[in-house]
Amino acid sequence: MILKLSEGPVTMVVRSVAEADGKFGKQYVFTSEAGDLLYISEAAGSRGLARLNLDFETVAGQTLTFSQVKKDSKTYTNIDKGVTPSAASAPATRTTSTAAPVAALSFDDAVALYAKCVQAAIQHLGKACESAEIPVDGSAIQAAAATLFIRTSK
């Protein structure tokens, strides 16, 4: 099956990568362990693999998540290391296709969650910075708490 990023993010265990000539020029074809195919531009593929310190040989067996981000009327393709599925031969999956609908947080729940995130950021970031002898300030705590809040509240 040919997978399309326009339909949402894709996570797969990569069996191989090959170059191909497509409708839009040179492309990389990522083949999953299950035989699914994902085509992305050569530029996006080479940038993404280089960022992860991978190449055509070392990418085999890696679990990768492919996604598209739209910014300033342009579409960018991201490649990130994904979570290893329980079976190496698991078919490629859409990371959003099986997610249950999430109810919006009430204001009080959001405040309570953010307070927990701030506390966790203080504990973890503070300890890590202290042991590395790196000064920590309020903006670093705020950024860490915001990151935790965003990831947790999704």
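Asp 21 has Lys 26 as its bridge partner in β3. Strand β2 (residues 10-22) pairs with β3 in the antiparallel sense over eight bridges, and a hairpin of two residues joins β2 to β3. Two strands count as paired if DSSP finds at least two bridges between them; strands (E, at least two residues) and helices (H or I, at least four) are DSSP runs numbered from the N terminus.

β3 also pairs with β4, again in the antiparallel sense, over five bridges. Here Phe 30 stands opposite Leu 38 in β4. The two pairings of β3 are set out below.

The C-alpha atoms of Glu 33 and Arg 15 are separated by 5.0 Å, although the two residues are 18 apart along the chain. β3 itself is largely enclosed by the rest of the structure, because six of its eight residues are buried.

The largest pocket has a volume of about 550 Å³. On a 1 Å grid over the protein atoms alone, a pocket is an open set of points where a 1.4 Å probe fits, with protein on both sides within 12 Å along at least five of seven lines; lining residues have an atom within 4 Å of a point. The volume is the space filled by probe spheres set on the points, which are joined across faces, edges and corners. Of the 17 lining residues, Phe 24, Gln 27, Tyr 39, Ile 40 and Ser 41 are the closest to the centre. β1 (2-3), β3 (25-32), β4 (37-41) and β6 (74-81) each supply at least two lining residues, and β4 gives the most, with three.

The chain as a whole has three helices and seven strands, and buried residues make up 28% of its 154 residues.

Residues are numbered from 1 along each chain as its sequence is written, and side-chain values use heavy atoms, without hydrogens and water. In this predicted model, local features need pLDDT of at least 70 and side-chain atom pairs count only at pLDDT 80 or more, whereas totals for chains, interfaces and linings use all residues.

Key
Buried means under 20% relative accessible area, exposed over 50%, partly exposed in between (1.4 Å probe, protein chains only).
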